Amino acid sequence: MKTSFGEYIRKLRTENGMTLTQLAAQLELDSANLSKIENGKREFDEKRLEKLAIVFSLKLDDIKTEFFSDLFAKKIYENNCSMETLMVAEEKVNYLKSKNVKQGEIKFNTNE
């Protein structure tokens, strides 16, 4: 069973034998705020994802997957959205990627 992002951080911290104070210091956070994050009473700041990945020697993409999936799940749950929301969101991501690729295409002049 998947956990919330705060629970995920707590699991990483305890598995690595770190105290709240030690991890908070490495993330440049107050330990009380980190405690609130681990208990789901406060959101983790996206700007600290890279620091979190460095502290635990994890891939930034893996941390992003945990963080954003938690964020999306909360929004879908809070707004009582259907699971179709995820499929539509995936289609929109693919659309945005294709649009970005088209904008980034290099056009070569073959007449020269």
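# Notebook: helix packing, rings and salt bridges

I started at Leu 34, which touches Ile 9, Leu 20, Leu 23, Ala 24 and Leu 29 when residues up to four places away in sequence are left out. Contact here means heavy atoms within 4.5 Å. This is a predicted model, so I noted the ground rules: local features need pLDDT of at least 70, side-chain atom pairs count only at pLDDT 80 or more, and totals for chains, interfaces and linings use all residues. Residues are numbered from 1 along each chain as its sequence is written, and side-chain values use heavy atoms, with hydrogens and water left out.

**Entry 1: Leu 34.** I looked up where Leu 34 sits and found it in helix α3. Helices are DSSP runs of H or I with at least four residues, strands are runs of E with at least two, and both are numbered from the N terminus. Is Leu 34 buried or exposed? It counts as buried, because its relative accessibility is 0%. The cut-offs are under 20% relative accessible area for buried, over 50% for exposed and partly exposed in between, with a 1.4 Å probe and protein chains only. I also checked Leu 34 against Phe 44: they are 10 residues apart along the chain, and their C-alpha atoms are separated by 8.3 Å.

**Entry 2: the whole chain.** I counted elements next and got six helices and zero strands. The order from the N terminus on is α-α-α-α-α-α. Of the 112 residues, 22% count as buried. I then took the contacts with a separation of 6 or more, and residues 24 or more positions apart account for 48% of them. The accessible surface comes to about 8800 Å², with 52% of it belonging to carbon and sulfur atoms. Those areas are from the Shrake-Rupley method with a 1.4 Å probe, and for residues only the protein chains shown count as cover.

**Entry 3: α1 against α3.** How do the axes of α1 and α3 cross? I get roughly 115° for the crossing of α1 and α3 (residues 31-38), and the axes come within 7 Å. Axes are lines fitted to C-alpha atoms, for helices over the stretch in contact, and angles run from 0 to 180 degrees between N-to-C directions. On the α1 side the contact is made by Gly 6, Glu 7, Ile 9, Arg 10 and Arg 13, and on the α3 side by Leu 34, Ile 37 and Glu 38. I sorted the residues of this contact into three nonpolar, one polar and four charged. The classes are Ala, Val, Leu, Ile, Met, Phe, Trp, Tyr, Cys and Pro as nonpolar, Asp, Glu, Lys and Arg as charged, and the others, Gly among them, as polar.

**Entry 4: Arg 13 and Glu 38.** Arg 13 lies in helix α1 (residues 5-15). At 10% relative accessibility, I have to call Arg 13 buried. Leaving out residues up to four places away in sequence, I find Arg 13 touching Met 18, Thr 19, Leu 20, Leu 23, Glu 38 and Phe 56. Glu 38 also forms a salt bridge with Arg 13, and the closest N and O atoms are 2.7 Å apart. That pair links distant parts of the chain, with Glu 38 in helix α3 and Arg 13 in helix α1, 25 residues apart. A salt bridge means a side-chain nitrogen of Lys or Arg within 4 Å of a carboxyl oxygen of Asp or Glu. Glu 38 is buried too, at 4% relative accessibility. Arg 10, Arg 13 and Glu 38 are linked in a network of salt bridges.

**Entry 5: other salt bridges.** How many salt bridges does this rule give? I count eight. One of them joins the side chains of Lys 74 and Glu 43 at 3.3 Å, N to O. Lys 74 is in helix α5 and Glu 43 in the loop between α3 and α4 (49-55), 31 residues apart, so I logged distant parts of the chain being linked here. Lys 74 is partly exposed at 28% relative accessible area, and Glu 43 is partly exposed at 45%. I also have Asp 45 with Arg 48, at 3.8 Å from N to O; Asp 45 is partly exposed at 29%.

**Entry 6: rings.** A search of the whole structure gave me six aromatic pairs. Phe 5 and Phe 67 form an edge-to-face pair, 5.3 Å centre to centre with 80° between the planes. Phe 5 is in α1 and Phe 67 in helix α5 (residues 60-78), so the pair ties together parts that are 62 residues apart in sequence. Rings of Phe, Tyr and Trp (its six-membered ring) pair if their centres lie within 6.5 Å, and planes under 30 degrees apart count as stacked, over 60 as edge-to-face and the rest as tilted. Both Phe 5 and Phe 67 are buried. Ring pairs link Phe 5, Tyr 8, Phe 44, Phe 67, Phe 68 and Phe 72 into a cluster.
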